[in-house]
Amino acid sequence: RPKITVNYKGEVHELEVDPDDTLETLRFQIYSLLDLAPEEQLLTLSSGGTRVTSDDDRSLASAGIRDGMSLNLQQAPGADDDEEKPKKTEKITTTPEQDKKGTTNVRRERG
């Protein structure tokens, strides 16, 4: 079977692929290997830095991914990273007076 390599966080991972596999299949292979959800994956071709399309129904061959190629993988900007971002919480409070009026206070906190 053809093989490609995926470079992620300084490590190189080899994957066996079929040219007829879809990009969605590739993204799920990466997810099972690296625990990075498909919607958080930003793939680029190592040669030239061209971004791999987000049209997951395309075959690897039609997306230009061939045997022996190398892809760079990054976590998409804005994707959740539990180690770097504190979680947002909301506290909903009401006073007896607000209960009568049907209003509430929402306070957002980080932490």
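Modeller: Take Arg27. Arg27 is buried, with a relative accessible area of 5%. Buried means under 20% relative accessible area, exposed means over 50%, and partly exposed lies in between (1.4 Å probe, protein chains only). This is a predicted model, where local features need pLDDT of at least 70 and side-chain atom pairs count only at pLDDT 80 or more, while totals for chains, interfaces and linings use all residues. Residues are numbered from 1 along each chain as its sequence is written, and side-chain values use heavy atoms, with hydrogens and water left out.

Arg27 sits in helix H1, residues 23-34. Helices (H or I, at least four residues) and strands (E, at least two) are DSSP runs, numbered from the N terminus. Leaving out residues up to four places away in sequence, Arg27 touches Pro38, Gln41, Leu43, Val52, Thr53, Ser54 and Asp56. A contact here means heavy atoms within 4.5 Å.

One of those neighbours carries the opposite charge. Side chains of opposite charge can pair when their charged atoms come close. Asp56 forms a salt bridge with Arg27, and the closest N and O atoms are 2.9 Å apart. Asp56 belongs to the loop between E3 and E4, and Arg27 to helix H1, so this pair ties together parts that are 29 residues apart in sequence. The rule for a salt bridge is a side-chain nitrogen of Lys or Arg within 4 Å of a carboxyl oxygen of Asp or Glu. Asp56 itself is partly exposed, at 24% relative accessible area.

Strand E3 spans residues 41-45 and is mostly covered, with five of its five residues buried. Gln41, Leu43 and Leu45 point one way from E3, Leu42 and Thr44 point the other way, and all are buried. E3 runs antiparallel to strand E4 (residues 70-75), and five bridges join the two. Strands count as paired if DSSP finds at least two bridges between them. Leu43 has Leu73 as its bridge partner in E4.

The loop between E3 and E4 also holds Ala61. Ala61 counts as partly exposed, at 28% relative accessibility. Its contacts, again without residues up to four places away in sequence, are Pro19 and Arg66. Asp18 is 43 residues from Ala61 along the chain, and their C-alpha atoms are separated by 8.7 Å.

Now the other salt bridges. By the same rule the count comes to three. Arg1 and Asp21 meet through their side chains at 3.6 Å, N to O. Arg1 lies in the segment before strand E1 (3-8) and Asp21 in the loop between strand E2 (11-16) and H1, so the pair ties together parts that are 20 residues apart in sequence. Arg1 is exposed at 62% relative accessibility, whereas Asp21 is buried at 17%. Lys3 and Glu14 make a salt bridge at 3.5 Å, N to O. Lys3 lies in strand E1 and Glu14 in strand E2, so parts that are 11 residues apart in sequence are tied together. Lys3 is partly exposed at 33%; Glu14 is exposed at 53%.

Last, the whole protein. It has two helices and six strands. From the N terminus on, the order is β-β-α-β-β-β-α-β. Of its 111 residues, 31% count as buried. Among contacts between residues at least 6 apart in sequence, 52% join residues at least 24 apart.
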